[in-house]
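Me: I would like to learn how to read a structure like this one. Could we go through it feature by feature?

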Amino acid sequence: PSNYRCILPYSNHSKLVDSWDTYTMGSTTRLDQDWKEDVFLESLRHILEDCDSVQGITIATEGHGIYAGLTTSLLEEMKIECRSAGRLVLNFTDSYSPQQEEMQAGGWRGIHMQKMLSFTEKGLATFDIGQTAHMVIPLKLFGNNDGHNKKTLFRESAEVAMALEAATLAYRRKGSSGVIGGSHDYMKNSNLSFGEFLASLQPSSRHNLLELEFTLTPNLSFLLPGTSIELRKKQLQGRQHAYRQPGLLPGEWIETKLKSKSPTDENLRSLHDHWSMSTAIRSTSSSSSIYEDLQCTMESMDIRYQPRKSLGFLMDQSFYDLTSGGYAAGAYWKKNPTEAVVSLLSNSTKSYTYARNIALDMQLGLSKKWKGYHSRYAESGILPEVEDCGEALEYCLSLRDLYRPPEGSGLGDNEEGEYFDN
């Protein structure tokens, strides 16, 4: 709501505060402490007071800069005010920094300083957010910056929003709408709380990275191949000797249909370990087929990828129906009234690429190569001293090791040599 909106005490064009868009500006007392306490955090307290029962909080932020710093402050306050509430962070890793043009205007030196600052801030933010949030979904908007993708930034943002809306239906559904299935009994016959939803995606408190994938599709026929539902239908059609094709497992669509919205490994999913998977579908499935679609979805995850925890949710209401026939934001579906959204959240070693790059970038940012730049920023209070960044670096390295792909996959070999040779 607009009455909870907080306006920063400084304009992004202000010359009153040097380097205002930095991580420490938001995470420490460098920012106007009265504004931070009396305006920023006070608005959070007002929001919490208006809630009957706080299940949790979801924060969308960027990977570095002042907003990442404010996010850690917000999470720390939330941890104090509502310790048992779930905390989920949507971390956009390539958000634009207002200082970028100014830094690049300084030539190669400005570019290197910007890189060093960005690398170090991302590591610090990863550490601080990892200590206070239960789960993090790294997200990346490619827009026109990707030569293989000519979509506008607006459409990319809309797709991420659609994917997140569908992915979180399991705990946002009202009453008995939709059908839910999972690998735990408490998931099958009751509404999930926000905390239960996060728990279903987290094999341990250390595994806090998720990948978001999704697709738009005119129908859900691709769910069928390799499933027991397909076999049963063949038998009902009179093919008494029908059998599943050797080597054909359900879930091929997860490998071929879905597109990742996270900066993760693009290699085959089958090469990775999977700890948890959650698939949500918003479509116009009839009540007679929605249970079959759910079973196909669960078999696709459980048989092919064998996660420790799995969750499936189907809502028999398309975005077209949700927006009353394409009203307002649903105008896109006027031409696609039956289009379904399929969204997958997974906790797997596919996140290794993201965790590895964060760790290696921070190592490079703290290296002797850029020691002079770091000292300059440390003297200005923009970055902590190198020795004070050790704990954050250790966390980033342990997170990388935690998400390392299984031995023999060939996905984690020679990562340091490849990185520093480029």
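Predicted model: local features only at pLDDT ≥ 70, side-chain atom pairs only at ≥ 80, totals over all residues.

Me: What percentage of the residues count as buried?
Reply: A residue is called buried when its relative accessible area is under 20%. Here 52% of the 422 residues count as buried.

Me: How many helices and strands does the chain have?
Reply: There are 16 helices and nine strands.

Me: Among contacts between residues at least 6 apart in sequence, what percentage join residues at least 24 apart?
Reply: For this chain the figure is 80%.

Me: Which residues form a negative surface patch?
Reply: Asp and Glu are the residues that count as negative. In this chain, Glu379, Glu385, Glu387 and Asp388 form such a patch. One of them, Glu379, belongs to helix H14, which covers residues 371-379.

Me: Why does Glu379 count as exposed?
Reply: The cut-off for exposed is over 50% relative accessible area. Glu379 counts as exposed because its relative accessibility is 70%.

Me: Which residue other than glycine has a positive phi near 50°?
Reply: That residue is Gln306. Gln306 sits in the loop between helix H11 (287-304) and strand E8 (309-315).

Terms used:
Residues numbered from 1 in each chain as written. Heavy atoms only, no water. Patch = residues over 30% accessible without salt bridge, like charges linked within 9 Å, V, L, I, M, F, W, Y side chains within 5 Å. Areas by Shrake-Rupley, 256 points an atom, 1.4 Å probe, with all protein chains shown as cover. Salt bridge = Lys/Arg side-chain N within 4 Å of Asp/Glu carboxyl O. Charge placed at Lys NZ, Arg CZ, Asp CG, Glu CD. Helix = DSSP H or I, 4+ residues; strand = E, 2+ residues; numbered from the N terminus. Buried < 20%, exposed > 50% of the residue type's maximum accessible area, 1.4 Å probe, protein only. Contact = heavy atoms within 4.5 Å.
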